[in-house]
Amino acid sequence: MALTIASLICLIIVGLGGTNKNNSTYNSLYFFRANTTDINVTPGDLNIPHNPLTDAIINQTTEAAKDALDVKDFYHVSLWNYCAGDFDNGQDKVTYCSPRKNQFWFNPVEVWGLNNTGVEKLFSDELRSGLDAYKKAAKWMFIAYVVAVVATIVEIFVGIFALFSRLGSLATTIVSTVSSVFLIGFALTATILYTTLMGSFNEAVKQYNIRGSLGHNMFVVTWLAVAFSFAAGLFWLVSSCCCSGRSNKIKYGDESGRKGKYERVDSPYGHRDGAAHFQTGPGYQAPHHGVPLNNVSNKPTAYEPYRTANV
């Protein structure tokens, strides 16, 4: 049970990534990071219609182009959304987190406002196809995560019944298997997806001095959830085969074998109907029924001897 709860806690931590821009712990949980601090884009590379803003940035520095496009120093991609911010004295300072969205995927063209510029056309076909694949895989990854969370919660509740019977352990093992399968699918998809995306991304935008990297903390927590879930599944499997339900059989017996029941036997001092008829006299010795009799005297007693009987 503790292993299942640990797996659920890890899944919850994964879901908390990027949900609060003021929480440094949440901000350190991301799958992918785009570092645009040293971006090298000049206004001449942009096909922007003439207006007061574009006229002001013509022939200006790269920093002016960044300001015009509102490009931050870094971008963190999490499960539900992305967060962006700037460096402050060498430290990450998140200033914005996008609204949370189911089946979220990070679109750099849209986020960086490159839809109507010439820069998006400079992206390689490999990156474009990679983004399309990323969009589709992100949907499956999100679904796998949700199913894994729900199955893990169900596993905890069903696991309560596993403490009393083998059938409960078997049901918990089945639920645990479902949880582990989808959790492993989520972890594998995230790892392969963002590793591949990082390679394509870095290759396509290296001329602009934009660098992509993976979030170490997020992947550690994700694979810890997998490890706990897998260990919990093994535990439930072993308990369904060897442990659960044994105490009842030991206590109450088995229908096909010996039952540990007790039946009342005749009192050595009288009859079974409760009427005590005591026999006394010289040379009388009480019969033995395998029940120790201590401190027996000629006085009435409420002691009722019992013996074990095989039914």
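A salt bridge is a side-chain nitrogen of Lys or Arg within 4 Å of a carboxyl oxygen of Asp or Glu. The model on display is predicted, so local features need pLDDT of at least 70 and side-chain atom pairs count only at pLDDT 80 or more, while totals for chains, interfaces and linings use all residues. Residues are numbered from 1 along each chain as its sequence is written, and side-chain values use heavy atoms, with hydrogens and water left out.

**The salt bridge**

Select D92 and R33. Their side chains meet in a salt bridge, with 2.8 Å from N to O, and the structure holds one such bridge. D92 belongs to strand β4 and R33 to strand β1, so that distant parts of the chain, 59 residues apart, are linked. Helices (H or I, at least four residues) and strands (E, at least two) are DSSP runs, numbered from the N terminus. R33 is buried, with a relative accessible area of 10%, whereas D92, at 39%, is partly exposed. Here buried means under 20% relative accessible area, exposed over 50%, and partly exposed in between (1.4 Å probe, protein chains only).

**The whole chain**

Now display the entire chain as a cartoon. Ten helices and seven strands are present. Of its 311 residues, 40% count as buried. Among contacts (heavy atoms within 4.5 Å) with a separation of 6 or more, 69% are between residues 24 or more positions apart. The accessible surface comes to about 17800 Å², of which 58% belongs to carbon and sulfur atoms; such areas come from the Shrake-Rupley method with a 1.4 Å probe, and for residues, only the protein chains shown count as cover.

**The disulfide**

Next, select C83 and C97. A disulfide, defined as a pair of cysteine sulfur atoms within 2.5 Å, joins these two residues with an S to S distance of 2.0 Å. C83 lies in strand β3 and C97 in strand β4 (residues 91-97), so the pair ties together parts that are 14 residues apart in sequence. The link of C83 and C97 is right-handed, with 105 degrees about the S-S bond. A search of the whole structure finds one disulfide. C83 is buried, at a relative accessible area of 3%.

**The nonpolar core**

Proceed to F31, Y75, L79, Y134, Y145, F186 and Y194. These residues have the most contacts inside the largest nonpolar core, which has 47 residues. Such a core is a set of buried Ala, Val, Leu, Ile, Met, Phe, Trp, Tyr and Cys residues joined through side-chain atoms within 4.5 Å. Elements that give two or more residues to this core include α1 (2-16), β3 (82-88), α8 (166-205) and α9 (216-243). The largest share, eleven residues, comes from α7.

Centre the view on Y145. Not counting residues up to four places away in sequence, Y145 touches L11, I12, V14, G15, L79, W80 and F186.

**T4 in helix α1**

Move to T4, found in helix α1. T4 is buried, with a relative accessible area of 2%. Which residues is T4 in contact with, leaving aside its neighbours within four places in sequence? They are T152, E155, I156, A232 and W236.

**The surface patch**

Finally, select I153, F157, I160, F161, L163 and F164. Together they form a nonpolar patch on the surface with about 680 Å² of accessible area. Patches are made of residues with over 30% relative accessible area and no salt bridge: like charges are joined within 9 Å, and nonpolar side chains (Val, Leu, Ile, Met, Phe, Trp, Tyr) within 5 Å. F164 is found in the loop between α7 and α8, and its relative accessible area of 58% makes F164 exposed.
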